[in-house]
Amino acid sequence: MNQLFTPCQIGPVTLRNRSIRSAAFENMCQGNRPTEALSDYHISVSRGGIGMTTIAYAAVNRSGLSFDGQLWMREEIVPELKKLTDAIHAEGAKASIQLGHCGNMTHWYTCGQCPVGASGGFNLYSPTVVRALKTDEIRQLVKDFGHAVQLARQAGFDCVEIHAGHGYLISQFLSPYTNHRKDAYGGSLDNRMRFMREVMEEVMRVAGDDMAVVVKTNMYDGFRKGMQMDECLIVAKELEKLGAHALVLTAGFVSKAPMAVMRGSMPLKTMAYYMNPWKFWWLKLGLRMAGRLLIPDEPFKEAYFLEDAKKFRQALQIPLIYVGGLVSRDKIEEVLDSGFVAVQMARALVHDPAFVRHMQEGEIRCGCGHSNYCIARMYSLEMKCHHCVERLPADLQHEIELAEATWR
């Protein structure tokens, strides 16, 4: 039996089908607030048949911003978010918002202060000095997560997705690569999970019994000194105990192993082309000199996380949501048949916001060619597929064609 177009339950929320637009960063929130572009995109995805669409990365406070085009949860934007959720609901979809804190992956001119993390040090990718969080600051961050959930409730969201993967702040506490603390928040895995536990206890308390809580968590960090699958499975079991309604299984560390998250090649010419030459001169220079060393390729195949995700499926009772390289109806059905409650997609819905409806009408595969143009562009401009951009420079078009020939 085909499962994709059957309803599914995530905590207290019922989705009309088992498709979710994943929390891929749109870079459509200039001024750290919702824009018409953000609204237009998510309305189009909702109109295109998605079960639930996720507004990407909203920082729980200003220090959690990693880009100028991200949301920052505060009271003054709640009415604007409410207009967006009302429009999503009018199209028959549910609305979710991803809440998180970027930790050390930012710069003072973005977050308004010295960047903070589980431990201090130097962030090569900004580049900037990072300060370790103090205990009282950790306690305040826990409250900030709860406050962000409350604002999401006021704004009409049905679900919140807590970002605990990809090397963001919760992940920075979990990973021995970024957590060198000597206090109760560092050392053993149990200690490294303390911040996550405190955040989840606060989130579940505020969410109550009528909001769904999903957590994005790593299956592995993607490099030798990071978390491996055995520790990540312990984290997943802890999230299950803490009452999360579902987990989104992912992998990778965007500051260390970015293509473990996305797979394929990063189109470096495209990335450098769109970067502000004054603001990001060091990164443009680094990409030109050692781009493939900084961002090495990771082979792409459809549903690239599936075999690892199945191991988590066997070990857990909690509903699991699959994400990672889905572009065809057949593979989506294979994932659902493997015991996953729903699937998340991003690039397929950047290429075609109505992909879900088109599958229902008989289309079997999305036209996304996995060039990762949309990702390279999103670090500077709004996320957009190359086929929606007029008059691309010839060298960028050639780079896209080579990538699609390699990974399609």
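**Cavities in close-up**

**View 1. What lines the second largest cavity.** The lining of the second largest cavity holds 5 nonpolar, 3 polar and 1 charged residues. Here Ala, Val, Leu, Ile, Met, Phe, Trp, Tyr, Cys and Pro count as nonpolar, Asp, Glu, Lys and Arg as charged, and the others, Gly among them, as polar. The model is predicted: local features need pLDDT of at least 70, side-chain atom pairs count only at pLDDT 80 or more, and totals for chains, interfaces and linings use all residues. Residues are numbered from 1 along each chain as its sequence is written, and side-chain values use heavy atoms, without hydrogens and water.

**View 2. The second largest cavity and its elements.** Its volume is about 40 Å³. Among its lining residues are Ala 164, Ser 171, Asp 221 and Val 235. Helix 5 (169–174), strand 11 (212–218) and helix 8 (229–241) each give two or more residues to this lining. Helices (H or I, at least four residues) and strands (E, at least two) are DSSP runs, numbered from the N terminus.

**View 3. The largest cavity.** A cavity is a set of points on a 1 Å grid over the protein atoms alone where a 1.4 Å probe fits but cannot get out; lining residues have an atom within 4 Å of a point. Grid points are joined across faces, edges and corners, and a volume is the space filled by probe spheres set on the points.

**View 4. Helices at the largest cavity.** Helix 14 (347–351) and helix 16 (373–378) each supply at least two lining residues. Helix 14 gives the largest share, 3 residues.

How values were computed: 1 Å grid on protein atoms, 1.4 Å probe; cavity = no way out; pocket = protein on both sides within 12 Å on 5 of 7 lines; lining within 4 Å.
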